Amino acid sequence: MGTDNYILQIEELSKSYDKKIFALKDFSYRLESGKICAVVGESGSGKSTLLKLIAGLERSDYGQINMGNQILCNDQIHLSPQKRPVGLVFQDFALFPHLRVKENIAFGLAPGSHSKIEQMLKAVRLEGYEDRFPSELSGGQEQRVAIARSLVREPDLLLLDEPFSNLDTNLKSELRHEIKRLIKDLGLSMIFITHDIYDAMDIADEIIFLKEGKIVRQSPIADIFKAVKDKYVQENMEELKRSAETILSMIPK
Ligand code: ADP
Ligand code: MG
């Protein structure tokens with residue numbers, strides 16, 4: 001398979017905040033174009049650091065990130081976040097509380113982007129909510145605004161840091177399917193962080209398990225049962241374990 005099929009290529013990426021402990025260490029990974037990847041790992045394993053490095057909010061110590069033929073960062077280059085074809089949605093959504101929905105989405109866009117904003121509101125099913133403030137929205141609606149704000153910039157890759165963890169179970173399932181539909185309809189690729197293996201099983205094409213800044217297991221979602229059976233995953237993924245146990249009990253002996 002040629003490199004053209006990969007939207008994202010990460011080679012030997014390392015990042016240390018204190019020059020002692022590495023948050024990410026010799027991290028290599030490729031994401032195929034159009035695919036959704038779930039990142040799972042215990043707290044402090046480097047998940048958020050990975051997304052911040054891809055988005056350009058942090059600088060790597062070593063390594064390289066490419067999207068297509070474009071170098072996002074290496075020893076010499078650090079492309080600014082605005083120049084990267086990447087959208088990052090934070091766990092707390094990070095909306096501006098004093099701005100209305102439409103102003104949140106339009107923030108930083110060129111004036112006259114009205115039709116693009118309308119289009120986005122429609123895509124995330126928030127028509128009629130454009131004049132509300134974030135405090136007048138539910139958690140799920142706030143998340144849609146955050147996603148719309150990212151997508152209106154037309155990224156090729158969407159990154160979501162624990163997008164489902166603040167939402168109740170019913171809403172969660174509905175939202176993750178909507179996000180998947182959006183990503184597939186728009187022909188984008190996505191990486192999302194989750195603590196819940198059901199999130200991964202439901203919408204991801206593949207899953208990577210992180211520990212101490214490294215990938216310890218990578219698996220297509222079709223092989224999730226095998227991955228969860230992995231001794232390492234079972235022993236070390238405390239947060240994963242609860243849902244993993246349910247899945248394990250579903251596997252015929
Ligand atoms: P995760 O998202 O998997 O919980 P993070 O990527 O946030 O993990 O953190 C990985 C490691 O880097 C942790 O040890 C964390 O304490 C450290 N770290 C993260 N951000 C900073 C920061 N801004 N300054 C110093 N250390 C940090
Ligand atoms: Mg995190």
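A residue is near a molecule or strand if one of its heavy atoms lies within 4 Å of it. By that criterion, ligand 1 is surrounded by Y17, A23, E42, S43, G44, S45, G46, K47, S48 and T49. The model is predicted, so that local features need pLDDT of at least 70 and side-chain atom pairs count only at pLDDT 80 or more, while totals for chains, interfaces and linings use all residues. Residues are numbered from 1 along each chain as its sequence is written, chains are lettered from A and ligands numbered from 1 in the order in which they are written, and side-chain values use heavy atoms, with hydrogens and water left out.

Several residues around the ligand can be described atom by atom. A polar contact is a pair of N or O atoms within 3.5 Å; within protein, one must be able to donate a hydrogen and the other to accept it, and residues adjacent in sequence count only if both atoms are side-chain atoms. An oxygen atom of ligand 1 lies 3.2 Å from a backbone N or O atom of S45. The side chain of K47 places a polar atom 2.8 Å from an oxygen atom of the ligand, and an N or O atom in the side chain of T49 is 2.5 Å from an oxygen atom of ligand 1.

The next topic is a sheet. Helices (H or I, at least four residues) and strands (E, at least two) are DSSP runs, numbered from the N terminus, and two strands pair if DSSP finds at least two bridges between them. Four strands form an open sheet in the order β2-β1-β4-β5, with antiparallel pairing. Because β2 (22-32) and β5 (70-73) stand at the edges with a single partner strand each, one side of each is left without a neighbour in the sheet. From one strand to the next, the twist averages 20 degrees; for such angles, axes are lines fitted to C-alpha atoms, for helices over the stretch in contact, and angles run from 0 to 180 degrees between N-to-C directions. Seven bridges join β1 (residues 6-16) to β2 in the antiparallel sense, and I10 stands opposite Y29 in β2. Helix α1 (residues 47-55) lies across β1, β2, β4 (62-67) and β5, and runs at about 115 degrees to β1.

I21 is found in the loop between β1 and β2. Buried means under 20% relative accessible area, exposed over 50%, and partly exposed in between (1.4 Å probe, protein chains only). With 61% relative accessibility, I21 therefore counts as exposed. I21 and G213 are 192 residues apart in sequence, and their C-alpha atoms are 9.7 Å apart in space.

Strand β9 (residues 206-211) has six of its six residues buried, so β9 is largely enclosed by the rest of the structure. From β9, E206, I208 and L210 point one way and I207, F209 and K211 the other way. What are the partners of this strand? Strand β3 (residues 36-41) runs parallel to β9 and is joined to it by five bridges, with C37 having E206 as its bridge partner. Strand β10 (residues 214-220) pairs with β9 in the antiparallel sense over six bridges, and the bridge partner of I208 in β10 is Q218. Two residues lie between the strands in the hairpin of β9 and β10, where E212 takes a positive phi near 45 degrees.

Conventions:
Contact means heavy atoms within 4.5 Å.
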